[in-house]
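Welcome, and please take a look at the structure below.

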Amino acid sequence: MSSHCVTPIEIPAESAIARFYESTDLADAYSINLPMDTITNPEQLASFIFAQQASWIKGLMKIRDALIAGFGLKTSAQLTAHSANRQAGRVSIFKIYSTTEHEIVLGEDDKHLDFRLSVLCPAPVERSGERHLVLSTVVHCHNRLGRVYIFLIAPFHRIIVQAYLRRAACAGWPQASSR
């Protein structure tokens, strides 16, 4: 399997977000192979992934922000400013909700919906020794605005998540330091 191949999968049962919300309006997960010498720290992997933003994604975010500004929802500019003011407890624009040895859960809550992202880097598969990373998302909408919003952005979300993973693989995953 190519190291740049992103595969849609079910949210892994071992992920903290697998059953996070009683009901979800969007739930997806994507897996990508990792080279054996890649770091395994999920927070460092998440930081690396979200640092790989393509210019077309920035353009889509500007359009999104212009469309939602009138609804009182959090814009990416507001989240970026919040992140710059409080670096601790955040990865990119996302709040850190929990971390374990193999997973970091990020997300944000707003008046229309709450979402959680998981970056899961489980132990290597025993037989093959293959390693992979899984980026999962779950969304719970609070109202009609949230449901309309997620309906409109879901196709873009899926393309963007896969693009982040491919760009991270193309950039070369950060390597574990040799001892």
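E103 sits in strand β5, which covers residues 103-109; strands here are DSSP runs of E with at least two residues, helices are runs of H or I with at least four, and both are numbered from the N terminus. This is a predicted model, in which local features need pLDDT of at least 70 and side-chain atom pairs pLDDT 80 or more, while totals for chains, interfaces and linings use all residues. Residues are numbered from 1 along each chain as its sequence is written, and side-chain values use heavy atoms, leaving out hydrogens and water.

A salt bridge needs a side-chain nitrogen of Lys or Arg within 4 Å of a carboxyl oxygen of Asp or Glu.

E103 does have polar partners: its side chain makes a polar contact of 2.6 Å with the side chain of S15, and a polar atom of its side chain lies 2.9 Å from the backbone nitrogen of A16. A polar contact pairs N or O atoms within 3.5 Å; within protein, one must be able to donate a hydrogen and the other to accept it, and residues adjacent in sequence count only if both atoms are side-chain atoms.

## The salt bridges

By the salt-bridge rule, the count comes to two. R90 and E108 form one of them, at 3.0 Å from N to O. R90 belongs to strand β3 (residues 90-91) and E108 to strand β5, so this pair ties together parts 18 residues apart in sequence. R90 is buried at 7% relative accessible area, and E108 is buried at 10%.

D109 and R116 also meet in a salt bridge, at 2.8 Å from N to O. D109 is partly exposed, at 30% relative accessibility, whereas R116 is buried at 5%.

## Helix α4 and its ends

After α4 comes G172, whose phi is positive, near 95°.

Methods:
Buried < 20%, exposed > 50% of the residue type's maximum accessible area, 1.4 Å probe, protein only.
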